[in-house]
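Hello,

Here is the structure I promised to pass on. My notes follow below it.

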Amino acid sequence: MIHVIIFGAPGAGKGTQSQFIEQHYHLEHISTGDLLRQEIARQSPLGKRVQSIISQGHLVDDDTIIDLIANELHHLPEGVDGVIFDGFPRTVAQAEALDALLEKDQRSVDCLIELKVPEEELRTRLLNRAKIEGRADDTPEVIADRIRVYNERTLPIVDYYHRKGVHYEVPGAGSIEEITGAIFVAIDKSLQHNK
Ligand code: AMP
């Protein structure tokens, strides 16, 4: 089983690239943002609890997120070759909890792929996405907050994975195909390394 984290600021292209990675390596795609949006759409108790947090661009509490992930990892479909985590972990506490969950099954994170995109480009992409998808958290004010939260709370996890020797950086600006190619090279390198 392989475990890949696709990492980057909001708008870096994690969702888009996850689809290609998922197909190429035959992985289960776990996106905490998608899972939370499904809960909101269903108006479940969890969905109701997190709705305003998400619409303000803040982070949902670690315990809620870790429960969601633990549940997903317990119910992986038969026959997948691993998992791609998208939008998770977003705090060091989540990264530590993920390690603990995987360790129970003698598993570990193979690589964190960081998509590096200049901040101005991120804002442009998110505003365009707002027009296309109409996500409630893609307004200019909320975008600014999400980027701030990313820099303050989420970026520190790069250091955490860097120290473990599993951090790989990929330029996230360029054509989608070029970026996908660079990601595959980085993942292959990490798998060679961990053999
Ligand atoms: P995303 O689709 O990954 O950009 O996530 C959308 C929103 O869901 C985020 O802005 C957060 O409010 C919430 N969210 C998603 N994943 C997490 C996470 N791992 N930890 C905390 N909040 C999250």
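By class, the lining of the largest pocket has 18 nonpolar, 19 polar and 11 charged residues. (Ala, Val, Leu, Ile, Met, Phe, Trp, Tyr, Cys and Pro count as nonpolar, Asp, Glu, Lys and Arg as charged, and the others, Gly among them, as polar.) This is a predicted model: local features need pLDDT of at least 70, side-chain atom pairs count only at pLDDT 80 or more, and totals for chains, interfaces and linings use all residues. Residues are numbered from 1 along each chain as its sequence is written, and side-chain values use heavy atoms, with hydrogens and water left out.

The lining comprises 48 residues. Gly-11, Lys-14, Arg-129, Arg-135 and Arg-146 are the ones nearest the pocket centre. A pocket here is an open set of points on a 1 Å grid over the protein atoms alone, where a 1.4 Å probe fits, with protein on both sides within 12 Å along at least five of seven lines; lining residues have an atom within 4 Å of a point. The volume is about 1,200 Å³, taken as the space filled by probe spheres set on the points, which are joined across faces, edges and corners.

Helix α6 (119-133) gives the most to this lining, 6 residues. Others that supply at least two residues each include β1 (2-7), α1 (14-25) and α9 (176-194). Helices (H or I, at least four residues) and strands (E, at least two) are DSSP runs, numbered from the N terminus.

The ligand takes up the space of the largest pocket (more than half of its atoms lie within 2 Å of the grid points). Its shell has 6 nonpolar, 5 polar and 5 charged residues. Helix α2 (residues 32-42) brings the largest share, 4 residues.

The Thr-32 side chain has a polar atom 2.8 Å from a ligand nitrogen. For Arg-37, a side-chain N or O atom is 2.9 Å from a ligand oxygen. For Arg-90, the side-chain N or O atom is 3.0 Å from a ligand nitrogen. The protein covers 96% of the 480 Å² of accessible area that the ligand has on its own (Shrake-Rupley, 1.4 Å probe).

**Backbone**

Phe-88 and Pro-89 are joined by a cis peptide bond, omega about -10°. Pro-89 sits in the loop between β3 (82-86) and α5 (92-103).

Best wishes

Definitions and conventions
Polar contact = N/O pair within 3.5 Å; in protein donor to acceptor, adjacent residues only side chain to side chain.
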